[in-house]
Amino acid sequence: MKQTLPETEIHEGDYVLLYMSPRKTYLARAEKGKSFHTHKGYVEFDSLIGKECGSAVKSSLGFEFIALKPQLRDFIMKSARQTQITYPKDVALIVMFSGIGPGSRVVEAGTGTGALTAALAYYVKPEGKVYSYEIREEFIATAEKNLKRAGLKDFVELKNKDIVAGIDERDVDAVVLDLAPPWLVVPHAYSALKPSGAIVSFSPTIDQVVKTVEALRENGFVDVESVECLMRGMQVERGKTRPQTLMTAHTGYITFGRKITKL
Ligand code: SAH
């Protein structure tokens with residue numbers, strides 16, 4: 001059974017996002033003769049196959065689900081996790097500041113769960129490639145599974161290597177880091193990058209940011225900038241609209257830089 005994403009009509013093998021409410025969504029693969037079980041009853045895939053994405057379907061207990069076409073962020077948020085993942089708000093900034101697009105070649109470390117890897121692959125496909133370094137072999141299998149499920153494995157080379165020991169690739173468009181000591185990778189990133197290439201590093205603590213910024217300034221990078229992105233949800237109802245009480249107050253800081261040609 002070929003794994004695909006629905007275009008307009010849901011076919012067997014397609015992934016669909018069964019949506020009940022913003023907090024109750026399920027990523028499932030439509031398989032003939034099978035059903036998907038939730039706390040609100042089960043949904044039979046036979047009742048979905050052949051329907052348009054966005055169609056409603058009733059569970060065995062009479063609850064309505066909408067079968068949506070999954071987006072990149074759905075695959076990211078539903079990853080089988082083995083590490084903390086990079087959240088969509090941070091992924092968006094990382095992608096924008098990395099300057100990547102279709103055809104780019106990107107070096108990334110560490111792979112972790114592969115959430116950020118999936119996003120990078122999504123934007124460099126179909127001609128580009130992500131070279132993703134991960135020191136812990138046991139993480140690679142899960143990351144690979146997550147990438148396959150999102151249909152992005154072909155655009156990624158997973159490498160069981162320590163990036164602090166060096167980067168094999170040359171002339172890459174961007175180096176993207178999410179690992180504990182990013183400052184140790186800065187000199188390798190300089191050697192791996194194309195002239196004027198970008199480095200982007202995500203770190204949860206300010207101590208890491210200081211060391212990384214200093215390393216960038218000392219190793220041939222300009223336009224060095226660190227930012228934090230706070231995303232606050234709104235509850236919208238006429239006359240009562242206001243920010244939600246709870247938010248994810250901290251994920252991490254994102255540091256950017258661009259390579260200069262040294263004299
Ligand atoms: N951004 C990832 C999460 C990365 S967690 C995601 O979205 O899923 C950080 C990862 O870096 C861990 O898996 C850790 O094993 C890996 N790591 C730490 N040091 C490393 C090194 N020197 N080389 C390669 N990977 C490393």
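Strand S8 (residues 129-133) is mostly covered, with four of its five residues buried, where buried means under 20% relative accessible area with a 1.4 Å probe and protein chains only. Strands and helices here are DSSP runs, numbered from the N terminus, with at least two residues (E) for a strand and at least four (H or I) for a helix. The model is a predicted one, in which local features need pLDDT of at least 70 and side-chain atom pairs count only at pLDDT 80 or more, while totals for chains, interfaces and linings use all residues. Residues are numbered from 1 along each chain as its sequence is written, and side-chain values use heavy atoms, with hydrogens and water left out.

S8 runs parallel to S7, and five bridges join the two; strands pair if DSSP finds at least two bridges between them. In this pairing, arginine 105 stands opposite lysine 129 in S8. The chain passes from S7 through H3 to S8 in a right-handed β-α-β crossover, a term that applies if, with the strands pointing away from the viewer, the path from the first strand over the helix to the second runs clockwise. S8 is also joined by four bridges to strand S9 (residues 156-159), again in parallel, and here tyrosine 131 stands opposite glutamate 157 in S9. The chain crosses from S8 through helix H4 (residues 137-149) to S9, and this β-α-β crossover is right-handed.

Two pockets are compared below; a pocket is an open set of points on a 1 Å grid over the protein atoms alone where a 1.4 Å probe fits, with protein on both sides within 12 Å along at least five of seven lines, and lining residues have an atom within 4 Å of a point. A volume is the space filled by probe spheres set on the points.

| Pocket | Volume | Lining |
|---|---|---|
| Largest | about 1000 Å³ | 23 residues |

The largest pocket lies between domain 1 (15-70) and domain 2 (74-259), because both give residues to its lining; the domain bounds come from an automatic or database domain assignment. Pro22, Arg23, Arg73, Met77 and Met231 lie nearest the centre of the largest pocket, and H1 gives the most to its lining, with three residues.

Key
Buried < 20%, exposed > 50% of the residue type's maximum accessible area, 1.4 Å probe, protein only.
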